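Open the model in your viewer and keep the selection panel at hand. The stops below say what to select next and what is there.

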Amino acid sequence: MSLSPPKLPPVMGPDMRTMRRELVGASDERVLEVLRFVDTLPDRAAADGLLAPLRNRLRVLRPPRPLRFERLLMAPLNPVLVEPAAWRLGAPTLPRQAITPIAAHIREALPYIAAEVDRIGARKDESDTDRESAAGRILWSDAAAILRVSNVPAEWSTTGLPASTYRGMATGCAAVLGAAWRLHMLGDPGLPSAELNDYLNALLAECEPDGGVPWGMLLTVILQCFPQAEAPLHAATAQRANRDIRAAAEMALATSWAWIEAATADPVAGDAENLTDITTQLHHRIGLLMHLADDASHRKRAISLQAELRQASTRLFIMAVDSVMLAPVALLAGTDAVGDATMHDLEAGARAIRRLDFECRRLGGCGPAHDSRLNDAGAHIAACNALPPVDRARLIDILLGARAALKLLPAA
Amino acid sequence: MNDSPRADQLWQPASFQERGVAVPFTTPALAGTRARVAARGVELIVPHPAGTRGVYIMANAELPHFCAATLHDSKLADQLEGAAVMSPATMAHAARAVAAHGYAGRIARVAAEAARAAEQPMRQTCIAQLLQALIRQRRGAAAPLNDLNRQAKAVLLELVPVFHRPVATLTADIDALAQCLTPGAAVDDPALLGMLGGLITDLHEASGGLRGASAHAARLVITMAELTVAMARRIAQSTEALRADAIGLLAGWIANHGRVAGLLQRQEWLLNGWAQTCLVWQETGIAARRGALSEMALMVPILPREAAAWSGIDMDQMAHRQLRALALGGKDWRSGDALMDLVARNERILLHAA
């Protein structure tokens with residue numbers, strides 16, 4: 001198995017690289033302007049490299065964007081997507097430059113479904129998750145069937161990857177997309193863990209004849225989406241006779257370690273919706289980390305990472321209390337009447353903070369610091385005269401509980 | 001608590017009063033809670049917070065010691081404290097009063113204020129319908145709207161010697177009777193029966209792929225919903241017959257208003273608690289419905305023995321208890337990060353059910 005870095009795709013020419021460097025230091029307005037332009041492009045392959053260094057800023061700015069066919073198609077593959085430079089031949093991952101030709105190929109093969117998916121993506125009254133779910137239900141399994149038997153599409157040349165790499169990637173995508181709707185339904189919180197493990201084991205066993213790369217891609221997705229389940233971690237660490245599968249399991253586990261470690265990078269809190277997304281990811285990461293800590297061979301690394309993650313999460317928590325709650329509350333000073341939408345956003349922010357607080361406490365050791373921070377926030381909210389007492393009490397109820405909230409209100 | 005599904009561990013009220021009235025709490029651990037008036041005051045009957053078999057029966061005042069209830073629930077419990085009567089209508093009234101203060105959020109406050117504002121016009125409509133029914137029975141035809149007052153007065157004067165009561169007392173009787181005929185909840189009985197029909201259809205479709213506790217929960221909800229719908233239809237027939245004879249209804253009210261009120265409110269008592277159960281299903285996305293089913297199994301209104309006497313439909317109590325024992329055998333998932341979302345969902349449910 002050769003592990004050589006791929007050629008840089010031809011789409012990133014010198015002009016584009018210059019523009020990318022300029023955008024890194026550009027104002028928010030300029031970034032949003034470029035983004036609006038990129039969203040209008042029929043083929044955004046050329047722009048993907050441009051957006052790569054802006055992803056963190058876009059998460060904060062959260063511009064309203066249509067959900068494109070490519071994103072809806074590839075949503076289940078998010079855990080295995082890597083930047084072009086990080087991709088290695090034989091790894092159970094998918095380089096980003098493969099998205100556009102694969103999506104174009106599916107769009108051409110399934111024109112009616114693609115048109116319906118476009119309509120779903122353009123809906124403005126539904127959350128991203130709801131649109132992904134609605135589109136996935138009609139798209140993923142049919143797309144998987146196409147990818148299982150398709151020849152190398154003409155657009156593959158735009159990736160800069162050899163034609164020989166297509167089949168493995170297409171089969172890997174097919175394995176994940178073929179299982180995607182079932183995985184989506186297995187996310188039901190009421191599903192008993194024994195039943196979940198049975199289903200996941202069956203999915204992995206079903207995929208094993210596809211080979212190491214597809215199996216590893218599916219395992220990576222399952223490890224990150226179902227960290228609480230025993231089946232994927234057992235599959236990743238079990239002794240196996242098949243060398244390809246063994247190598248894929250090792251790489252899937254390595255990808256998952258890197259995925260957990262990524263949460264220790266400098267945090268970005270953004271708004272309540274962004275914070276909720278980050279917290280959901282953190283929930284999964286902590287789940288897998290705890291699971292890894294139970295395994296003797298991973299315990300040392302897991303415990304060390306837990307300490308780093310605790311520090312990063314606490315930094316995120318402190319930042320979130322400031323940006324999602326205290327800063328918006330401070331802005332209300334002098335306001336005569338706070339609108340319903342503002343109050344709704346403040347409540348969403350308070351809930352997002354509590355969710356994050358819950359996750360941080362799973363990592364241990366942050367209780368007193370968090371209590372103190374939440375009490376400070378409660379005091380700021382209690383002093384915010386722009387909000388009626390009942391609204392202040394609602395926010396304090398969410399952050400600190402009813403007992404603290406009732407102190408703000410007259411006794412019955 | 002024992003884990004084996006023994007049906008005799010299950011709470012089984014004999015009457016609707018003993019079953020209590022569904023309380024629209026927003027704290028997830030209080031899902032399916034009912035309230036009733038007992039000798040020691042208002043009591044809460046709370047399904048086991050771990051999602052398993054059994055209930056806690058406690059004084060309403062003990063709520064703060066039972067769980068970390070939301071601000072809304074603390075205020076609602078305060079509102080219920082000291083109540084002398086507990087019925088679906090009094091509960092709806094208390095819930096609206098609390099929501100109107102904004103304890104469940106601004107949108108719930110607006111909805112509660114709108115519901116309270118609609119109470120008086122609804123009552124006026126019921127009075128007008130009752131007067132029209134009396135006019136129709138005495139004159140053979142309803143009065144034109146612009147002549148309703150005059151004809152109603154004339155009919156009441158005709159009824160003075162029949163009931164040996166002055167017009168003012170008869171007017172007060174009609175006013176009080178109309179109060180009983182006014183729907184207490186935002187979702188009236190026909191609309192709720194429609195929601196239940198939709199739920200039954202949905203669950204029949206969804207239950208095919210389920211197994212284990214989820215399958216038992218779906219079967220429990222379907223069984224109880226179907227039986228409740230059948231009983232509600234039977235009770236509706238007898239209530240309609242009662243309403244059709246307006247003069248007989250008024251005579252019955254004068255003779256024993258408690259008995260007539262009881263008969264008229266049977267359907268409301270029977271269906272009480274189903275609005276919240278249906279809305280949990282409606283508010284849940286397709287990929288979280290097993291979780292919703294386990295919650296619905298806790299909330300599903302139990303049919304007391306009195307239901308058979310009211311409707312004339314026999315029910316196999318032991319079979320229902322066994323089904324409940326199986327359905328409540330799952331593991332509770334309502335914890336941790338899910339709690340915040342569930343409180344927000346329960347506040348949305350308040351908008352529709354209060």
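Contact here means heavy atoms within 4.5 Å. This is a predicted model, in which local features need pLDDT of at least 70 and side-chain atom pairs count only at pLDDT 80 or more, while totals for chains, interfaces and linings use all residues. Residues are numbered from 1 along each chain as its sequence is written, chains are lettered from A and ligands numbered from 1 in the order in which they are written, and side-chain values use heavy atoms, with hydrogens and water left out.

Stop 1: Select A:L139. Leaving aside neighbours within four places in sequence, A:L139 is in contact with A:F69, A:L72, A:L73, A:I106, A:L110, A:I113 and A:V117. Buried means under 20% relative accessible area, exposed over 50%, and partly exposed in between, with a 1.4 Å probe and protein chains only.

**Stop 2: chain B as a whole.** Chain B has 17 helices and four strands (DSSP runs numbered from the N terminus: helices are H or I, at least four residues; strands are E, at least two). Its radius of gyration is 22 Å, close to the 20 Å that the globule rule gives for 354 residues, so chain B is as compact as a globular protein of that length. The radius is taken over C-alpha atoms, and the rule is 2.2 Å times the number of residues to the power 0.38. Along its principal axes, the C-alpha trace of chain B spans about 65 × 45 × 40 Å. Of the 354 residues in chain B, 53% are buried.

**Stop 3: B:R345.** Go to helix α17 of chain B, residues 338-353, where B:R345 sits. Is B:R345 buried or exposed? B:R345 counts as buried, because its relative accessibility is 6%. Beyond neighbours within four places in sequence, B:R345 is in contact with B:V280, B:E283, B:T284 and B:E295.

**Stop 4: B:A275.** Select helix α13 of chain B, residues 274-282, which holds B:A275. At 10% relative accessibility, B:A275 counts as buried. Finally, draw a C-alpha to C-alpha distance from B:A275 to B:Q129: the two are 146 residues apart in sequence and 26 Å apart in space.
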